[in-house]
Amino acid sequence: MSKTVIVSGNFAAAYGAKLSRAAVVAAYPITPQTEVVEKIASLVADGEMDAQFVKVESEHSAMAACIAASNAGARAFTASSAHGLTLMHELLIWAAGARLPVVMVNINRAMGPPWSVWADHHDALAQKGTGQLQFFCESNQEVLDSVIMAYKICEGSDIMMPAMVVEDAFILSHTKEPVEIYDQELVDEFLPPYNPEYKLDVNRPFGFGSLGMPDWYMDFRYKMAEAMDKAVDRVEEVNKKFKEVFGRDHGGLIEEYKTDGVDVLIFTMGSISSTSKDVIDELRAEGHNIGLARLRTYRPFPAEKLRELTRNVNVVGVLDRSYTFGHMGDSAGEIKAALYGHKDLILKNYIVGLGGRDLTPKILKNIMLDTLSLQDKELDEEVEWVDLRINQERWRR
Amino acid sequence: MLEIRFHGRGGQGAVTASEMLARAAFEEGNDVQSFPMYGVERRGAPVTAFTRIDSKAVRNKAQIHEPDIVIVMDMALLDAVNVTAGLKPGGKIILNTSKSLDTINMGVDNPVYGVDASAIAVEHRLGSRVAPIVNTAILGAVVRATGVVKIETLLDVVRNDAPAKKEENVKATKQAYDEVRGGDIE
């Protein structure tokens, strides 16, 4: 029987790994991810989870252990945050190149200095080019569900890429909400055992991770690009199947909230999307024709879906909970690039909530009202930092 | 939507209290959310924890800035923390105090309730004499003062979720429920 418990995003992540029957878990603790590791260690020690828990001396080694396990045909899981994730960087790229469907949970934490343990998407977005599929969650239930779905997506024989499920530090990781823990048999039916075509096997030897001469390397990379393209459809298929089996729909590539026939569209990622839905309801009740699109899958980037969604939209507001030191926020830049040559619209980018700065419904409403005002006036600034100490009065009033 | 803010010190059980209250409200069919003020949990340091309760889905993930109920688990916090900040008009304040409520001035017009949760916790040997764990006692007072959940529901949750001394915790909850004074309670 499934049961609903009130647990943190970190416990939801641990239960996601358990229900997915991850066979090898290698992780190194870091705030705010530590509870994931603690919970899995205790589930294994108590005999509730049948997995090999590998203690390692760093996050770099954690992913190395997962790579070896996955290469040997075991379903592998890890979790990290911020400085731990960035230490893992080399191995994230390796896991993708080796075509190993390792699934990890990253708890979004700001990068230091100044030291911060609070929510910020910079750590995950700095890994967007590693070949990980990336799923940004807005609730604890979605964290659990996304771990299960990530294995299902990534282990497809035409995909075979690693994935990162992403949850916001503290706002999800340490906040307790009702989460349904599914019946194991139901998950087993949805997610059959991992059985890769090629694995480390002394009776059937292959070479893995060998040299790719210039006349081969590029073609391997092309195959990865193809797999990422195929993952676009795969994400939607698995999302649909998940809904059939478990009755929940988290939106696949992009979750649409009241987007039908809107003039103005707001783009968000992660937990602020949840608060934003309340604000969208409020604005619609006041007569504004506005909707929300939550970028749930960041890799592969859902360019085609985005073009469909914005076909009849004239003004777009994009909220980025990070700054990656380009010319604008990361998702705003991606959205613009995807729309260029397809759709001419007004896009304003808001940089919000870095290092865990609280995003209240009031601030979010002021942002959306600012976006709405662009229907009748010139775009003032392409990128605006919201709720800085120098402009708080404007955004909090 | 009901928004509740707990002020305590690390070790008093404020975070657990916010969870138990959420759990009780969930058992009564509500959506709930419980979270600590992030990253400042140390023994003895001021701790803030929050609970949201709604019959509809709780989607707001921001911190609670305008609570409906404020709970103060250690009166010494009044010198360090503005516990009534943002408290809604008419919002109730529940204090852990051994003093008569006539002698306490919170500086606001809101209804004030008081219970000697520390003495109750000590009586039931919850925590130590110098550092009693007052969370289950204060919850009994909160439920009586606010009616946020039924006392029976809370007692079931305390019995199930208290990490140790389950029956002692249940007794402390019930005793505080009976002993709390203030507001409209005679």
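1. Helix α9(A) contributes ten residues to the lining of the largest pocket, the largest share of any source. Helices here are DSSP runs of H or I with at least four residues, strands are runs of E with at least two, and both are numbered from the N terminus. A pocket is found on a 1 Å grid over the protein atoms alone, as an open set of points with protein on both sides within 12 Å along at least five of seven lines; lining residues have an atom within 4 Å of a point.

2. The model is predicted, with local features requiring pLDDT of at least 70 and side-chain atom pairs pLDDT 80 or more, while totals for chains, interfaces and linings use all residues; side-chain values rest on heavy atoms, without hydrogens and water. Residues are numbered from 1 along each chain as its sequence is written, and chains are lettered from A and ligands numbered from 1 in the order in which they are written.

3. The volume of the largest pocket is about 1400 Å³, a volume being the space filled by probe spheres set on grid points that are joined across faces, edges and corners. Its lining comprises 40 residues, and the closest to the centre are A:Gly97, A:Ala98, A:Arg99, A:Phe208 and A:Phe220. Two or more lining residues come from each of α5 (89-97) and α9 (214-246) of chain A. By class, 20 lining residues are nonpolar, nine polar and eleven charged. In this scheme Ala, Val, Leu, Ile, Met, Phe, Trp, Tyr, Cys and Pro are nonpolar, Asp, Glu, Lys and Arg are charged, and the others, Gly among them, are polar.

4. The second largest pocket holds about 630 Å³ of space. Among its 22 lining residues, the closest to the centre are A:Thr360, A:Pro361, A:Lys362, B:His65 and B:Glu66. Helices α10 (272-285) and α13 (361-373) of chain A each give two or more residues to this lining. Twelve of the lining residues are charged, six nonpolar and four polar.

5. How many cavities of 30 Å³ or more does a search of the whole structure find? There is one, a cavity being a set of points where a 1.4 Å probe fits but cannot get out. The volume of the largest cavity is about 90 Å³. Of its 14 lining residues, A:Ile171, A:Arg321, A:Asp358, A:Leu359 and B:Lys61 are the closest to the centre.

6. Chain A has an open sheet of seven strands, ordered β3-β2-β4-β5-β7-β6-β12, with mixed pairing; two strands pair if DSSP finds at least two bridges between them. Strands β3 (52-55) and β12 (297-299) of chain A are at the edges with a single partner strand each, so one side of each has no neighbour in the sheet. Strand β2 (residues 24-27) of chain A runs parallel to β3(A), joined by four bridges; A:Val24 has A:Gln52 as its bridge partner in β3(A).

7. Chain B also has an open sheet of seven strands with mixed pairing, in the order β2-β3-β1-β4-β5-β6-β7. Its edges are β2 (31-36) and β7 (181-182) of chain B, each with a single partner strand, so one side of each is left without a neighbour in the sheet. Eight bridges pair strand β1 (residues 2-9) with strand β3 (residues 46-54) of chain B in the antiparallel sense. Within this pair, B:Gly8 has B:Val47 as its bridge partner in β3(B).
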